[in-house]
Amino acid sequence: MTSTLELARAALPALHQFCRSIRAAVGARVRSDGVLDPRRLDREQRAAHGLAWAETTVHALDAVLKWAERARDDGQFGAGEEQVLAIAFGEYSSQLLGGLPISANELVRPRDMGVSEEASQLAADPAIAALIERGTSPDARAALTAVLLAGDLPTESVGDDTTDTIRDQYRRFTNERIKPYAHAWHLADSLIPDALIKELAELGTFGVCIAPEYGGLGLGKLEMCVVTEELSRGWIGTGSLGTRSEIAGELIGIAGTDEQKARWLPGIADGSILPTAVFTEPNNGSDLANLATRAVRQESGTWQLTGAKTWITHASRSDLMTVLARSSGPGHAGLSMFLVPKSRGIEGDPFPTDGLSGGEIGVLGYRGMKEYELVFDGLETTAEALLGGREGQGFKQLMKTFEGARIQTAARAVGVAWRAFELALAYATERRQFGRALIDFPRVSDKLAMMVVETIAARELAYFAAREKDKGHRCDVEAGMAKLLGARVAWTNADNALQIHGGNGYALEFEVSRVLCDARILNIFEGAAEIQAHVIARGLLTDGR
């Protein structure tokens with residue numbers, strides 16, 4: 001019998017050809033005289049977003065195959081790894097042929113994208129047919145569940161001893177210092193304790209990607225992914241603490257002056273300076289081109305900020321704001337980025353800085369840092385606050401951080417997805433109904449098997465994007481794909497984990513209730529799923545990848 005590895009290798013060319021056919025069919029609908037027409041792209045969203053999801057699915061399968069091949073080379077390709085590979089290729093190929101889920105109640109089918117004939121050809125491919133037969137069978141899911149029950153989670157190695165050691169270190173830390181306390185912090189809606197932030201800083205969490213000359217570890221996005229994933233496995237709040245440091249560190253590292261780097265990067269790296277990203281406005285979520293907050297240069301050379309911002313995470317306890325504001329005319333070209341210091345808030349006075357006020361936004365999940373609306377009322381900052389000393393470059397500077405930010409969000413999603421699986425597996429093995437453990441029922445064990453398969457697919461796609469970034473390759477589309485899939489998997493896992501808990505999952509005392517709330521935000525921030533799919537489609541159709 002042909003091995004699953006051989007079948008997967010044989011299937012990939014056909015899957016990539018199918019995606020090329022989709023791209024050609026959709027491209028014909030959305031181009032005018034050979035040029036992408038934004039209005040046509042909007043009108044053909046269903047087909048275009050189907051293209052984005054199809055490419056994301058096949059890229060994920062490609063990443064899973066590479067993971068399986070590394071496992072084989074390292075002598076770690078066992079029964080669990082083989083079943084993950086088979087189920088991933090079987091289920092995802094079946095979805096490509098029958099209907100791709102692009103939301104909870106939306107499916108995109110081949111006919112929607114104009115590739116019904118090509119889908120029939122794909123279905124007739126011997127490797128695809130064999131993988132669907134092998135990977136979608138109840139036996140495959142049962143075999144994987146048996147491996148999980150034996151305590152053998154499929155390999156998590158990235159093929160690098162140093163990175164694997166980092167994972168082990170952060171997993172121990174998360175198990176000891178975060179998991180036992182996270183749910184109580186969530187229920188109390190309290191800030192992540194200062195003592196824990198200090199411990200995270202001592203581990204180097206806030207300077208993973210900052211250059212060593214500024215006190216950072218000088219590591220890559222892959223290591224950042226692993227750190228973020230492990231911390232988010234304990235609580236998305238702790239996994240997200242480093243996000244603002246990552247954004248600020250990359251902004252300043254890429255675009256800052258030598259003086260700005262020397263002033264801010266060492267403090268960000270050692271955790272003494274906590275940054276916050278101040279971009280979103282009440283009437284402009286993803287529509288950055290229409291930001292209204294004004295930055296007006298004064299005769300003295302200083303800048304005065306006026307306007308409103310919203311959904312600003314960790315705004316009160318932060319020391320540095322990276323503020324995107326309009327310093328000149330309309331559109332993206334009128335935006336500038338500012339590095340604005342502020343005083344840390346205290347209880348009873350969350351915003352002691354002159355010219356700055358704000359109010360907390362109550363949220364279902366994603367707690368630990370708190371969300372705020374901010375009002376700038378003539379807040380003054382120095383001439384040196386302009387990032388890179390260059391006006392009108394704010395949007396371009398921010399765009400250079402989007403790849404890293406989306407990769408990190410994908411890693412957060414993977415961590416949340418793993419925690420949902422852990423909670424579901426523990427409950428399904430301990431809880432008994434009708435004289436049997438819940439996991440003995442196929443509808444429960446099937447859910448658990450698919451949780452593992454999809455989480456590995458999302459993880460490996462995120463790692464692929466991170467590796468591309470570390471090689472210096474452009475990876476905006478790949479980073480978007482990783483975020484798109486990761487967010488869906490985190491939500492699906494959390495939803496199924498709560499379902500396995502039954503009524504208990506709906507009780508606040510059970511941790512899975514928190515995980516469900518935390519998972520929901522991942523499809524919204526750092527680019528809502530619909531926006532993300534649109535951006536991916538536009539990139540694929542514009543760049544001709």
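How do the residues of the lining of the second largest pocket divide into nonpolar, polar and charged? They divide into 10 nonpolar, six polar and 10 charged; Ala, Val, Leu, Ile, Met, Phe, Trp, Tyr, Cys and Pro count as nonpolar, Asp, Glu, Lys and Arg as charged, and the others, including Gly, as polar.

The model is predicted, with local features requiring pLDDT of at least 70 and side-chain atom pairs pLDDT 80 or more, while totals for chains, interfaces and linings use all residues. Residues are numbered from 1 along each chain as its sequence is written, and side-chain values use heavy atoms, without hydrogens and water.

**Pocket and cavity**

Both kinds of space are found on a 1 Å grid over the protein atoms alone: a cavity is a set of points where a 1.4 Å probe fits but cannot get out, a pocket is an open set with protein on both sides within 12 Å along at least five of seven lines, and lining residues have an atom within 4 Å of a point. Points are joined across faces, edges and corners, and a volume is the space filled by probe spheres set on them.

The structure holds three cavities of 30 Å³ or more. Helices (H or I, at least four residues) and strands (E, at least two) are DSSP runs numbered from the N terminus.

| Second largest pocket | About 710 Å³ | α4, β3 (100-103), α15 (442-470), α16 (476-501), α18 (529-543) |

Of the 26 residues lining the pocket, Pro 101, Glu 454, Arg 488, Trp 491 and Thr 492 are the closest to its centre. The lining of the largest cavity has four nonpolar, two polar and four charged residues, among them Arg 233, Trp 235 and Asp 518.

**Glu 156**

Arg 233 also joins the side chain of Glu 156 through a polar contact of 3.0 Å (a pair of N or O atoms within 3.5 Å; within protein, one must be able to donate a hydrogen and the other to accept it, and residues adjacent in sequence count only if both atoms are side-chain atoms). Glu 156 lies in the loop between α7 and α8 (161-177). At 14% relative accessibility, Glu 156 counts as buried (under 20% relative accessible area, with exposed over 50% and partly exposed in between; 1.4 Å probe, protein chains only). Beyond its neighbours within four places in sequence, Glu 156 is in contact (heavy atoms within 4.5 Å) with Asp 164, Arg 167, Arg 171, Arg 233 and Arg 459.
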